[in-house]
Amino acid sequence: MREINGKTQICGLIGKPVEHTLSPVIHNYLAKSEGRNLVYVPFLVEDVKIKEAVEGAFALNMLGLNVTVPHKSSIMLHLKEVDKLAKDIGAVNTLVRMEEGYKGYNTDMPGLLRAMQSENIAIKGELVVILGAGGAARAVALMCAREGAEAVYLLNRSLEKAKAVAAEVNYIHGQSIITPMKVTDYKKLPQRKCLAIQATSVGLHPNVDDVIISDEDFYKKVHTGVDLIYNPYTTKFMKLVQGFGGQTMNGLKMLLYQGIIAYELWNKVTISEAVAQEILMKMKKELKIDG
Ligand code: ATR
């Protein structure tokens with residue numbers, strides 16, 4: 001345990017629930033490896049207390065905060081400033097201290113991008129199929145548009161929701177690149193191999209045998225499958241992609257890099273890939289994952 005003294009800086013996570021978070025593992029490891037006098041702690045914050053939490057953290061001179069469910073959009077009302085990307089995504093997961101208040105950022109999407117880059121998964125020029133139309137899928141759709149995907153199909157159980165998200169993202173991006181589709185219409189996708197990104201909660205522990213599309217024909221067309229879920233470590237979706245020779249990635253590296261980017265914003269440093277790998281090992285140990 002590092003010594004806590006008069007110069008110790010505090011960062012933390014606000015959300016509900018927070019008790020299973022891996023973020024303290026990421027940030028306390030980073031602080032330790034950098035020899036930085038900083039500690040990171042979780043704070044359980046009720047919906048109705050979000051304003052007080054932000055004001056209280058600022059008054060207590062806290063350096064920065066991460067924000068998780070259910071506060072990622074409601075928190076925006078209580079910030080001094082919100083970064084353009086976070087506004088476009090519609091969610092803030094990181095608060096950075098400024099002179100007169102906190103500025104909100106979104107490091108989830110840049111975190112996913114950095115995770116995919118670390119696995120050599122390209123978006124530019126790709127046919128991308130996104131499964132889901134919730135907040136996570138919306139952010140992924142925007143990322144794919146910005147990163148130069150050739151075409152993006154947004155498949156969802158509710159077509160209405162897919163249509164609404166596609167329209168919003170196309171408007172923000174200034175180009176009609178996202179096509180909404182009902183998930184059961186996957187046979188109508190272009191006849192070309194795609195990058196598929198699973199952004200629903202289907203398959204999440206304990207429902208590990210669930211998958212949003214079970215037809216093997218779909219997986220024959222997937223050259224790479226990214227699942228935002230990391231518990232289980234290998235989802236049913238990933239197993240199906242692997243079964244047809246596709247490359248896979250789960251959501252653990254996204255979690256890792258969103259944390260690293262937040263830490264970089266707070267401390268104005270750049271974290272090396274070697275340190276990122278060390279933290280990943282530590283996260284896997286925490287989750288009791290071998291290898
Ligand atoms: P988040 O903000 O984390 O992305 P969300 O907004 O609750 O979460 O979105 C969940 C996504 O998972 C939605 O796309 C949802 O589909 P609907 O819009 O049709 O509800 C999808 N989803 C959740 N459970 C599902 C299920 N059993 N079958 C198909 N899709 C499901």
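These are my notebook entries on one predicted chain and what I looked up in it.

**Ground rules**

I'm working on a predicted model, so I number residues from 1 along each chain as its sequence is written, and I ask for pLDDT of at least 70 for local features and 80 or more for side-chain atom pairs, while totals for chains, interfaces and linings use all residues. Side-chain values rest on heavy atoms, with hydrogens and water left out.

**Overall build**

I began with secondary structure and got 10 helices and 12 strands. Helices (H or I, at least four residues) and strands (E, at least two) are DSSP runs, numbered from the N terminus. The radius of gyration is 19 Å, close to the 19 Å from the globule rule for 291 residues, so the chain is as compact as a globular protein of that length. That radius is taken over C-alpha atoms, and the rule is 2.2 Å times the number of residues to the power 0.38. The C-alpha trace spans about 60 × 40 × 30 Å along its principal axes.

I then checked burial: 51% of the 291 residues are buried. Buried means under 20% relative accessible area, exposed over 50% and partly exposed in between (1.4 Å probe, protein chains only). For contacts (heavy atoms within 4.5 Å), I took residues at least 6 apart in sequence, and 71% of those contacts join residues at least 24 apart.

**Aromatic rings**

How many aromatic pairs are there? I count 5, where rings of Phe, Tyr and Trp (its six-membered ring) pair if their centres lie within 6.5 Å; planes under 30 degrees apart are stacked, over 60 edge-to-face and the rest tilted. F218 and Y219 make an edge-to-face pair, 5.0 Å centre to centre with 85° between the planes. Y219 also pairs with F237: the centres are 5.9 Å apart and the planes sit at 65°, so this one is edge-to-face. I note that this pair links distant parts of the chain, with Y219 in helix α7 (residues 216–219) and F237 in helix α8 (residues 236–243), 18 residues apart. Y219 is buried at 0% relative accessible area, and F237 is buried at 2%. Ring pairs link Y186, F218, Y219 and F237 into a cluster.

I found Y105 in strand β6 (residues 102–105), buried at 18% relative accessible area. Leaving out residues up to four places away in sequence, Y105 touches several residues, among them D83, N93 and L265.

Q258 is in helix α9 (residues 252–267) and is buried at 5%. With neighbours within four places set aside, the contacts of Q258 are S23, N66, N93, T107, D108 and G111. N93 turns up in the contacts of Y105 and in those of Q258.

Most residues other than glycine have a negative phi, and most peptide bonds are trans. I went looking for exceptions.

Which peptide bonds are cis? K16 to P17 is cis with omega about 5°, and P17 sits in the loop between β1 (9–15) and α1 (23–34). V69 to P70 is cis with omega near 5°, and P70 is in the loop between β3 (64–67) and β4 (81–82).

For positive phi I have N120 at about 55°, in the loop between α4 (108–118) and β7 (127–131). N120 is exposed at 70% relative accessible area. K288 has phi near 60°, lies in the segment after α10 (273–286) and is exposed at 73%.
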